[in-house]
Amino acid sequence: MPIIPKTAINGAITGWGRALPEKVVTNSDLAKTMDTSDEWIRERTGIERRHIGGTTASLSIESGRKAIEMAGVDPSTIDALILSTTTPDRTVPATSAAVQHGLGLRCGAFDVNAACSGFVYGLVTAHGLIAIGMKKILVIGTDTLSRITDWSDRNTAILFADGSGAAVVEAVEGPGQLLGWDIDADGSLEDLLYAEIGGTLYMEGKEVFRRAVRIMVDSAEKSLKAAGLTTSDVALVAPHQANLRIIEAACKRLDIPMSKAAWVGNETGNTSSASIPLALFDAADNNRLKTGDIVLLVGFGAGMTAASAVIKWKQP
Ligand code: ACO
């Protein structure tokens with residue numbers, strides 16, 4: 001549980017952007033091609049529809065451009081691009097290369113793959129780079145899971161979808177936003193959720209569900225402890241949007257009321273790396289956050305990975 005040194009240069013999110021493909025697939029659409037129903041999917045997952053389409057690069061460029069515009073920064077001054085994705089467009093090179101070019105950046109660019117925990121991994125990495133001298137970092141979380149989903153498998157096809165969320169993180173003088181963080185992985189669990197190269201997603205849903213709740217609670221508690229805070233300090237939690245029931249169970253164990261949870265999974269399905277930024281920035285765009293609010297980001301994903309961050313919101 002690393003404690004951030006008081007002397008560390010810290011950062012703050014100064015702009016953000018979201019991108020979802022135009023094409024919407026409802027639960028009823030899925031029920032036309034597989035043995036499922038709108039009622040079953042809503043009850044077991046909270047998902048009502050999802051957006052499908054685009055490439056990881058195209059969605060990243062869209063959300064990244066919005067984040068850069070909102071932050072009002074000159075793209076040529078961005079020091080690094082971190083793209084979190086588990087669905088790169090090519091095996092080689094990293095998809096961040098295409099995104100960097102598409103956005104007109106000239107900076108270090110690399111992909112991070114920690115599945116649904118990836119955006120928080122990227123955010124934490126960005127703060128590390130800021131601590132050693134960088135000033136402006138673009139962190140993007142994007143996935144196009146529809147491309148590795150077996151659309152005849154009702155165990156997975158009802159869950160996964162496409163989307164992107166991006167943030168510009170800038171170095172700040174004095175206190176920054178990041179108060180506590182945790183990243184973790186248990187590779188012994190990799191067979192619970194995987195896709196071979198060129199293949200589609202296989203998932204042991206029940207086991208993932210069971211472990212997800214425990215993993216989220218554990219990671220959240222570590223980050224809050226590192227920040228010297230408790231769950232009663234949290235104004236908003238932006239959890240990985242995998243399944244509303246997982247979020248409800250985790251919030252119950254953390255003693256955080258559901259009214260403080262950001263939930264967009266009904267509209268987006270599970271967009272993996274994009275899920276936490278989509279939830280966080282939906283809340284920000286809908287005036288659910290004000291300067292000084294304590295926000296808990298917490299995710300889990302294939303690996304199995306976990307990540308959380310406690311940030312003190314600063315309204316740009
Ligand atoms: N429609 C209708 N019936 C279904 C469907 C479906 N889509 N899927 C399963 N069923 C049936 C099952 O066959 C079973 O029938 P039976 O009782 O006759 O055997 C019954 O419904 C219950 O099935 P369960 O698998 O027990 O359903 P459960 O309540 O566990 O929900 C789900 C399944 C939604 C997959 C849940 O386990 C889940 O969300 N797990 C976590 C998944 C997750 O978070 N994955 C993302 C990880 S993050 C990442 O890295 C991408």
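A residue counts as buried when its relative accessible area is under 20%, as exposed when it is over 50%, and as partly exposed in between; the views below come from a predicted model.

**View 1. Two tyrosines form a tilted aromatic pair.** Tyrosine 194 has a relative accessible area of 31% and is therefore partly exposed, and tyrosine 202, at 37%, is partly exposed as well. The ring centres of tyrosine 194 and tyrosine 202 lie 5.3 Å apart with their planes at 40°.

**View 2. Tryptophan 16 and phenylalanine 281 form a stacked aromatic pair.** The model holds three aromatic pairs, and in this one the rings are 5.3 Å centre to centre, with 5° between the planes. Because tryptophan 16 belongs to strand β1 (residues 10-19) and phenylalanine 281 to helix α10 (residues 275-285), the pair ties together parts that are 265 residues apart in sequence. Both tryptophan 16 and phenylalanine 281 are buried, and together with Trp313 they form one aromatic cluster.

**View 3. The ligand sits in the second largest pocket.** Among the 26 residues around the ligand, Thr36, Cys116, Lys206, Asn243 and Ala302 come nearest. Several elements supply at least two residues each to this shell, including α2 (38-45), α8 (244-254) and β12 (294-301), while the largest share, four residues, comes from α7.

View 4. Taken alone, the ligand exposes 1,000 Å², of which the protein buries 75%.

Methods: Residues numbered from 1 in each chain as written. Predicted model: local features only at pLDDT ≥ 70, side-chain atom pairs only at ≥ 80, totals over all residues. Heavy atoms only, no water. Phe/Tyr/Trp six-rings, centres within 6.5 Å; stacked < 30°, edge-to-face > 60°. Buried < 20%, exposed > 50% of the residue type's maximum accessible area, 1.4 Å probe, protein only. Near = heavy atom within 4 Å. Areas by Shrake-Rupley, 256 points an atom, 1.4 Å probe, with all protein chains shown as cover. 1 Å grid on protein atoms, 1.4 Å probe; cavity = no way out; pocket = protein on both sides within 12 Å on 5 of 7 lines; lining within 4 Å. Sits in = over half its atoms within 2 Å of the grid points.
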